[in-house]
Amino acid sequence: MTPVFTMACRAYDRMEPLRDGTVRPGGAELNFLDLPVEETFFRMLRFGEFDIAELSLSSYVLTLDRGAPFVAVPVFPSRAFRHSAIYVRADSPLTDPAELAGGTVGVPEYQITAAVWIRGILAEHHGLGVAEVRYRTGGLDGPGRVEKLALSLPPDIEVTPIGSGETLSRLLLDGELDAVYSARNPGPFNAPDGGGIRRLFPDPEAVERAYLARTGIFPIMHTLVIRREVYQRNRWLARELVKACERAKRAGLAGLGETASLRYALPWLWAEVERTRRAMGEDWWPYGLEPNRPTLETFLRYSHEQGLAARRYDPEELFAPETLEEVVV
């Protein structure tokens, strides 16, 4: 009987063929659960509910010295540039990250991957040290969010939860926060007029493109993990999962820039695809270790420097060894 593994992951275009069954891992069936990423992360980290799951890269790294309950494969369902994820009040005088020194910044959780990237990038490229601001943590638009993993941070990094009934969006609008670092738009920002909130950088796309040109880094947000006991019983699954994800990505992105019949309801998507290819090459969303080594090394350095990772891991330590070598005939 073919084994069935439950996989929790958003049905991104690069993952949709796994959800609809047109692509399957060799020797396995997937029970694919298309869940919001926050729910997937919470349920996997707290209860280990799924055999395979999309997981925050930062959270996964933190589990490595906490019993290592998961094993990752070098598949990256989510990536994003994060200069555009820094928000301030619409009437804020701030236009440069260095001006946040001495201020207070809200972040849903100190350890989330987007925040690690933002703090690292601002420290390395924009003159704002990680410990130069105070951090307040909590729900972006709903109260009650807490850190999913307990943290032990250096004494120079100040992190305090907001009140049980408070939200980061409201505190930003009330002037009690100078900025918010958030992977999601704050709720008020989604209003046609921005709801009293704007992005810190006036032209974040230009800043992100300049960062890419300077560093070659397209930040990784999430990786794909297998629950360790599932991996240990099925060592073959790691390699077959990577192969399936590669096939799904090729199928999911095929025709993205097609002009004869628009696959998506965006009239100039073809132009964006061409711009992306010019800036990043044909495979702008690579899987595997080697194409992502500089990005992973940078993230792992940031995680350790920010008091999160117990030590500075090497990228090879993150992934199932079966996924790091290939047969040569």
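I looked up which element gives most to the lining of the largest pocket: α9 has the largest share, six residues. Helices (H or I, at least four residues) and strands (E, at least two) are DSSP runs, numbered from the N terminus. The model is predicted, so I noted that local features need pLDDT of at least 70 and side-chain atom pairs pLDDT 80 or more, while totals for chains, interfaces and linings use all residues. Residues are numbered from 1 along each chain as its sequence is written, and side-chain values use heavy atoms, without hydrogens and water.

I read about 1200 Å³ for the space in the largest pocket. Of its 45 lining residues, Ser78, Arg79, Ala80, Arg82 and Trp285 are the closest to its centre. Among the elements that give two or more residues to this lining are α2 (37-47), β4 (70-79) and α9 (269-280). A pocket here is an open set of points on a 1 Å grid over the protein atoms alone, where a 1.4 Å probe fits, with protein on both sides within 12 Å along at least five of seven lines; lining residues have an atom within 4 Å of a point.

I then turned to Glu166, which sits in the loop between β8 (159-161) and α5 (168-173). Glu166 counts as partly exposed because its relative accessibility is 30%, the class between buried (under 20%) and exposed (over 50%), with a 1.4 Å probe and protein chains only. Leaving aside neighbours within four places in sequence, I found Glu166 in contact (heavy atoms within 4.5 Å) with Arg136, Pro143 and Leu171. I also noted that the C-alpha atoms of Glu166 and Phe5 are separated by 39 Å.

Definitions and conventions: Points joined across faces, edges and corners; volume = space filled by probe spheres on them.
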